[in-house]
Amino acid sequence: MLTVRKTILSCVAALVVVAIAFAGQKEWRHYDQGEGRTFQQDKPRLDRFAAEIKASESAKAYIIAYAGMVSYKNEARIRLGCIQNYLKIAHGIDGSRLELIDGGYRVEVAVRLLLVEPGDNKPEPYSLVNIEAVQMRTAPKYPCGKPSAK
């Protein structure tokens, strides 16, 4: 019961912080947010996002990854590495155009994809779950998908 109460309080606190932080900010292009997906399931989203990055030569891509309530150590950072490698190798996106942010924890695994023009406010991550409420599990053998045979 105490864990549920802590989770609810941390969610409410996070929403208040987000509301204050975003008040009066210039909007950036929120391209997409996917929740509860594997890296393999995210690839079509990333393909569309790569096309948007290429079409917007001046914009910087912000990718904010969140681990879920059932997670493994460094899940968000590992997902960011998978995404960065995929965008660089599969789409030729220069790493200097990517801003990768570990956003903490949410109820489900989530990845926010945003395009930010020069001069716009930078998006900030906002975790909705306190780390004490997270259940740790064993990391998958291939978090970026099983390597293809060469």
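Select Arg-137 first: in this predicted model, the residue is partly exposed, with a relative accessible area of 39%. Glu-75 counts as buried, at 6% relative accessibility.

The structure holds six salt bridges. For another, select Lys-60 and Glu-99, where the closest N and O atoms are 3.6 Å apart. Glu-99 lies in strand β4 (residues 98–105) and Lys-60 in strand β2, so this pair ties together parts that are 39 residues apart in sequence. Glu-99 is partly exposed at 30% relative accessibility, and Lys-60 is likewise partly exposed at 29%.

Proceed to Arg-37, Asp-42, Arg-45 and Arg-79, which a network of salt bridges links. Within this group, the side chains of Arg-37 and Asp-42 meet at 3.9 Å, N to O. Arg-37 is partly exposed at 32% relative accessibility, whereas Asp-42 is buried at 2%.

Now turn to the largest nonpolar core, which has 20 residues. Among the members that touch the most others are Leu-46, Phe-49, Ile-63 and Leu-98. Helix α3 (75–91) is one of the elements that supply at least two residues, and α3 gives the most, with six. Centre the view on Ile-63: its contacts include Phe-49, Leu-80, Ile-83, Leu-87, Val-111 and Leu-113.

Finally, select Tyr-62, Ile-64, Ile-101 and Val-116, which are among the nine residues of another core, apart from the largest one.

Methods
Residues numbered from 1 in each chain as written. Predicted model: local features only at pLDDT ≥ 70, side-chain atom pairs only at ≥ 80, totals over all residues. Heavy atoms only, no water. Core = buried A, V, L, I, M, F, W, Y, C linked by side-chain atoms within 4.5 Å. Buried < 20%, exposed > 50% of the residue type's maximum accessible area, 1.4 Å probe, protein only. Helix = DSSP H or I, 4+ residues; strand = E, 2+ residues; numbered from the N terminus. Contact = heavy atoms within 4.5 Å. Salt bridge = Lys/Arg side-chain N within 4 Å of Asp/Glu carboxyl O. Lists of a residue's contacts leave out its neighbours within four places in sequence.
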